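This briefing is for a reader who is new to the structure shown below. Please look over the sequence and the model before reading on.

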Amino acid sequence: MAKLLTRRTMLGGAALGAGGMLSGCDALNRSPAFQNLLATAETGNFHIQRALGDRMELASEYTTADLSPTFRANGTRNPDTQSYNASAARGFSDWQLRVFGLVSKPQSFSLAALQSMPQRTQITRHDCVEGWSAIGQWTGVPLKLLLDLAQLRESANFLVFHCADSLGGRPYYESTDLLDAFHPQTIIAHRLNGEILPIENGAPLRLRVERQLGYKHAKYLTGIQAVASLDNIGEGKGGYWEDVGNYEWYAGI
Ligand SMILES: Nc1nc2c(c(=O)[nH]1)N[C@H]1C(S)=C(S)[C@@H](COP(=O)(O)O)O[C@H]1N2
Ligand SMILES: [Mo]
C-alpha cells in the first residue's frame with residue numbers, strides 16, 4: 001500500500017513536471033475512490049485491532065468473599081503413576097517443568113525456582129463444559145516470565161502443555177496460541193486458595209488460562225513445548241479433549 005502510493009505519487013509528479021508532486025498528491029487525496037480505499041483500510045485495521053484487543057482483555061476477577069466453599073476437582077484426580085507418587089512423597093521437591101521445543105534457551109524449572117520468581121495471585125471463575133463453575137484464588141508465575149527466559153524462536157506459533165496423567169492410555173495435553181500464552185492472567189499455578197495446590201487440582205503445577213474453558217487448564221504440568229504447528233502432537237487437534245471428544249480448540253469465554 002505504501003509502495004503503491006509512492007509509485008503513483010511519483011508517476012503523477014513526473015507527468016506534472018517539477019513542482020507537480022504536491023498537486024499530484026492532492027489530486028489523489030481528493031479522488032473518491034482513494035478516499036474509499038483509505039476508509040476501508042482503516043475499518044479493516046480497526047476490526048483487527050478490536051479482535052486482538054478483546055483477546056487481551058482480562059477475565060473478571062472476584063474477591064475472597066466470592067470464593068467457592070470447595071473447589072471441585074474434575075478429570076484426573078491423581079495421576080497415580082510410580083514416578084508421580086514418588087515425587088508426591090517428596091513434596092514434589094524433585095519436580096521439573098521443562099520448557100523446550102522452538103526456544104533459544106531450553107531449560108527446566110524446579111518447583112522452588114518457580115516459587116522464587118515474581119508471582120501473580122488472581123481470583124477467577126473456572127467454567128467446565130460439563131456444566132459447573134467454581135471461583136478460586138490462584139497463585140503462580142506468569143507464563144510470560146518463563147517464555148522471556150527461554151526465548152521463543154520466530155517460528156513458534158503455539159505452546160503445548162504436557163501433563164503427567166493419562167486417560168484411557170492417552171496422555172492429557174493441551175495447547176494455546178501465543179496471545180493466550182502472553183496474557184497477563186496466564187500463570188503456572190502452584191497454590192489454590194492460599195494453600196499448596198492439592199493433588200486433585202493438579203499438584204504441583206497447573207496452567208491457568210483464564211479466558212478459556214476448564215479443559216484448557218492443564219493439570220500436573222511436566223513440560224511446555226513451543227511448536228510451529230499442532231499437526232504432529234497427539235491426534236493433531238491441540239488437546240486431549242479436542243482429539244477424543246471433538247471439543248473446540250479455541251474455548252474462549
Ligand atoms: N492433566 C489434566 N488436566 C486437566 C484435566 C485432566 O483430566 N487432566 N481435566 C480438565 C478439566 S475438563 C477441567 S474442568 C479442569 C478441572 O480442574 P480441577 O480438577 O482443578 O477442578 O482441569 C482440566 N485439566
Ligand atoms: Mo472440564
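The model is predicted. Ligand 1 sits in the largest cavity, and the volume of that cavity is about 340 Å³. Strand β5 gives three residues to the shell around ligand 1, the largest share, and β5 also gives the most to the lining of the largest cavity, again with three residues.

**Ligand 1 and its contacts**

- There are 22 residues around ligand 1, and those that come nearest are R72, N74, T76, D165 and K219.
- At T76, a polar backbone atom is 2.9 Å from an oxygen atom of ligand 1.
- R206 places a polar side-chain atom 2.9 Å from an oxygen atom of ligand 1.
- On its own, ligand 1 has 530 Å² of accessible area, and the protein covers 99% of this.

**The shell around ligand 1**

- Two elements give two or more residues to the shell: β3, which spans 120–128, and β5, which spans 158–167.
- Sorted by class, the shell around ligand 1 holds 10 nonpolar residues, seven polar residues and five charged residues.

**Cavities**

- Rolling a probe the size of a water molecule over the atoms shows where empty space is left.
- The count comes to four cavities of 30 Å³ or more.
- The largest cavity, with its volume of about 340 Å³, is lined by 26 residues, of which N74, G75, Y172, G214 and K219 are the closest to its centre.
- The elements that give two or more residues to the lining of the largest cavity are β3 and β5.
- In the lining of the largest cavity, 13 residues are nonpolar, seven are polar and six are charged.
- N74 and K219 are named among the residues that come nearest to ligand 1, and both are also named among the residues closest to the centre of the largest cavity.

**Backbone geometry**

- Most residues other than glycine have a negative phi, and most peptide bonds are trans.
- The peptide bond that joins A203 and P204 is cis, with omega at about 0 degrees.
- P204 belongs to the loop between β8 (195–196) and β9 (206–208).
- F92 is not a glycine, yet its phi is positive, at about 60 degrees.
- The loop that holds F92 runs between α4 (82–89) and β1 (96–101).

Definitions and conventions. Residues are numbered from 1 along each chain as its sequence is written. Chains are lettered from A and ligands numbered from 1 in the order in which they are written. This is a predicted model: local features need pLDDT of at least 70, side-chain atom pairs count only at pLDDT 80 or more; totals for chains, interfaces and linings use all residues. Side-chain values use heavy atoms; hydrogens and water are left out. A residue is near a molecule or strand if one of its heavy atoms lies within 4 Å of it. A polar contact is a pair of N or O atoms within 3.5 Å; within protein, one must be able to donate a hydrogen and the other to accept it, and residues adjacent in sequence count only if both atoms are side-chain atoms. Accessible areas come from the Shrake-Rupley method with a 1.4 Å probe; for residues, only the protein chains shown count as cover. On a 1 Å grid over the protein atoms alone, a cavity is a set of points where a 1.4 Å probe fits but cannot get out, and a pocket is an open set with protein on both sides within 12 Å along at least five of seven lines; lining residues have an atom within 4 Å of a point. A molecule sits in a cavity or pocket if more than half of its atoms lie within 2 Å of its grid points. Helices (H or I, at least four residues) and strands (E, at least two) are DSSP runs, numbered from the N terminus. Ala, Val, Leu, Ile, Met, Phe, Trp, Tyr, Cys and Pro count as nonpolar, Asp, Glu, Lys and Arg as charged, and the others, Gly among them, as polar. Grid points are joined across faces, edges and corners, and a volume is the space filled by probe spheres set on the points.
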